[in-house]
Amino acid sequence: MGGTATAATALVIQHGPGEGLGRWRGWLEERGVTARVVPAHEGAVVPDRLEHPALVVLGGGYLPDDDVRAPWLPATRALVRQALTERTPVFGICLGGQMLAQVAGGEVRGEHGTPEFGSTRLGLRPEAEDDPLFHGLPAHPRAIENHVDAVTALPPGAHWLVRGDDCPYQAFRVGSSAWGVQFHPETTAGRVLRWDPGRLLRYGAPAPELLHARALRDEPAATTTWRTVAHRFAGLALAAAGERAAEAPAGGHRPGGRRAGAVTRDGRDR
């Protein structure tokens with residue numbers, strides 16, 4: 001399935017009914033980037049080619065290669081692989097981040113380590129200082145977690161940006177323009193109230209009401225932090241869209257990816 005991308009559109013792959021783009025949709029729109037969401041869990045067909053200037057892969061209750069339960073995952077992995085090859089900006093959240101790690105040569109394990117639920121204290125690593133998305137963020141940002149699977153080895157050459165006490169690999173970058181996070185920067189405290197109490201109990205986590213109260217306490221600062229990251233990613237998408245438009249033949253559509261070059265802190269190539 002093909003298609004023509006608009007000038008500043010991010011293709012978003014959704015894997016479950018409770019795993020939408022959330023507040024990131026509005027944050028991207030604030031910087032001129034619209035989202036084209038593919039609800040793959042509802043049977044929507046994942047495109048066989050990435051023709052948008054940015055890709056966002058959301059979370060879901062699957063491992064990255066759980067192809068029997070989620071038969072759209074091979075096509076999603078192919079999009080991530082294409083984006084890496086063409087240096088199209090990618091942002092993977094939870095399952096999306098794990099998929100990026102796996103596609104790029106890292107390792108992911110199911111039900112590994114300590115499950116994490118709710119607002120969690122994280123720590124920026126020195127590698128984040130010059131990262132296009134994570135530079136200048138608070139040293140210990142808070143983010144909402146909701147996972148039992150984890151990245152256990154980063155891809156070769158990946159930049160480890162954010163750590164956690166129970167789950168080390170909280171954010172990383174592959175190459176110059178692909179990011180994966182274990183946490184949920186798109187999620188608000190209000191969504192926590194809709195989490196399954198039985199699942200939380202099964203993993204020894206507090207009830208949704210308690211997790212909600214903690215997330216609500218941390219939400220003002222977390223909102224500022226992750227809105228900044230979303231805006232910076234939108235800037236990358238806009239820059240990629242501009243490059244595509246400049247390189248496209250007159251009256252046509254440029255099929256290739258971004259030009260090679262080094263990445264600067266503002267996300268533009270040198």
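**Figure 1. Leu-79, a buried residue of the predicted model.** Leu-79 has a relative accessible area of 1% and is therefore buried, the cut-off for that class being under 20%. The coordinates come from a predicted model. Leu-79 is part of helix H2, which spans residues 73–86. Beyond its neighbours within four places in sequence, Leu-79 is in contact with Leu-11, Ile-13, Val-46, Pro-47, Asp-48, Arg-49, Leu-50 and Leu-55. One of these residues, Asp-48, is 31 residues from Leu-79 in sequence, while the C-alpha to C-alpha distance of the pair is 7.2 Å.

**Figure 2. Glu-209, an exposed residue of helix H6.** Glu-209 is found in H6. With a relative accessible area of 54%, Glu-209 is exposed, because that class begins over 50%. Between Glu-209 and Gly-190 there are 9.9 Å in space, C-alpha to C-alpha, and the two are 19 residues apart in sequence.

**Figure 3. The protein chain as a whole.** The protein chain contains 6 helices and 11 strands. It has 270 residues, of which 53% count as buried. Among contacts with a separation of 6 or more, 73% are accounted for by residues 24 or more positions apart.

**Figure 4. The largest nonpolar core.** This core has 35 residues, and those with the most contacts inside it are Trp-24, Phe-91, Phe-134, Trp-226 and Phe-233. Two or more of its residues are given by each of strand E1 (9–14), helix H1 (23–30), strand E3 (54–57), strand E4 (90–93), strand E9 (159–164), strand E11 (178–181) and helix H6 (208–247). The largest share, 8 residues, comes from H6. Another core, of 28 residues, lies apart from this one and includes Ala-40, Val-80, Met-99 and Val-174.

**Figure 5. Surroundings of Phe-134.** Phe-134 is one of the residues with the most contacts inside the largest nonpolar core. Not counting residues up to four places away in sequence, Phe-134 touches Leu-124, Ala-128, Leu-161, Val-162, Ala-171, Trp-179, Val-181, Phe-183, Trp-226 and Arg-232. Among these, Trp-226 is also listed with the residues that have the most contacts inside the core.

**Figure 6. The buried side of helix H1.** The buried residues of H1 are Arg-23, Trp-24, Trp-27 and Leu-28. They lie on the same side of H1, because the arc they cover around the axis is only 135°. Their packing partners are E4 and H6. After H1 comes Gly-32, with a positive phi near 90°.

**Figure 7. The largest pocket.** The space in the largest pocket is about 320 Å³. Its lining consists of 21 residues, and Gly-60, Gly-61, Tyr-62, Asp-149 and Arg-199 are the closest to its centre. Helix H3 (95–103), strand E7 (142–147) and helix H5 (197–202) are the elements that give two or more residues to this lining. By class, the lining of the largest pocket holds 6 nonpolar, 8 polar and 7 charged residues.

**Figure 8. The second largest pocket.** About 260 Å³ of space lies in this pocket. Of the 13 residues that line it, Gly-18, Glu-19, Asn-146, Arg-194 and Trp-195 lie nearest its centre. E7 and H5 are the elements that supply two or more residues to the lining of the second largest pocket. The residues of this lining divide into 4 nonpolar, 4 polar and 5 charged.

**Figure 9. The largest cavity.** The structure holds 2 cavities of 30 Å³ or more, and the largest cavity has a volume of about 80 Å³. It is lined by 14 residues, with Arg-23, Ala-143, Ile-144, Glu-219 and Ala-222 nearest its centre. Arg-23 is also one of the buried residues of H1. At least two residues of the lining come from each of E7 and H6, and H6 provides the largest share, 5 residues. The lining of the largest cavity comprises 7 nonpolar, 3 polar and 4 charged residues.

Notes:
Residues numbered from 1 in each chain as written. Predicted model: local features only at pLDDT ≥ 70, side-chain atom pairs only at ≥ 80, totals over all residues. Heavy atoms only, no water. Core = buried A, V, L, I, M, F, W, Y, C linked by side-chain atoms within 4.5 Å. Buried < 20%, exposed > 50% of the residue type's maximum accessible area, 1.4 Å probe, protein only. Helix = DSSP H or I, 4+ residues; strand = E, 2+ residues; numbered from the N terminus. Contact = heavy atoms within 4.5 Å. 1 Å grid on protein atoms, 1.4 Å probe; cavity = no way out; pocket = protein on both sides within 12 Å on 5 of 7 lines; lining within 4 Å. Points joined across faces, edges and corners; volume = space filled by probe spheres on them. Nonpolar A, V, L, I, M, F, W, Y, C, P; charged D, E, K, R; others polar. Arc of directions from axis to C-beta.
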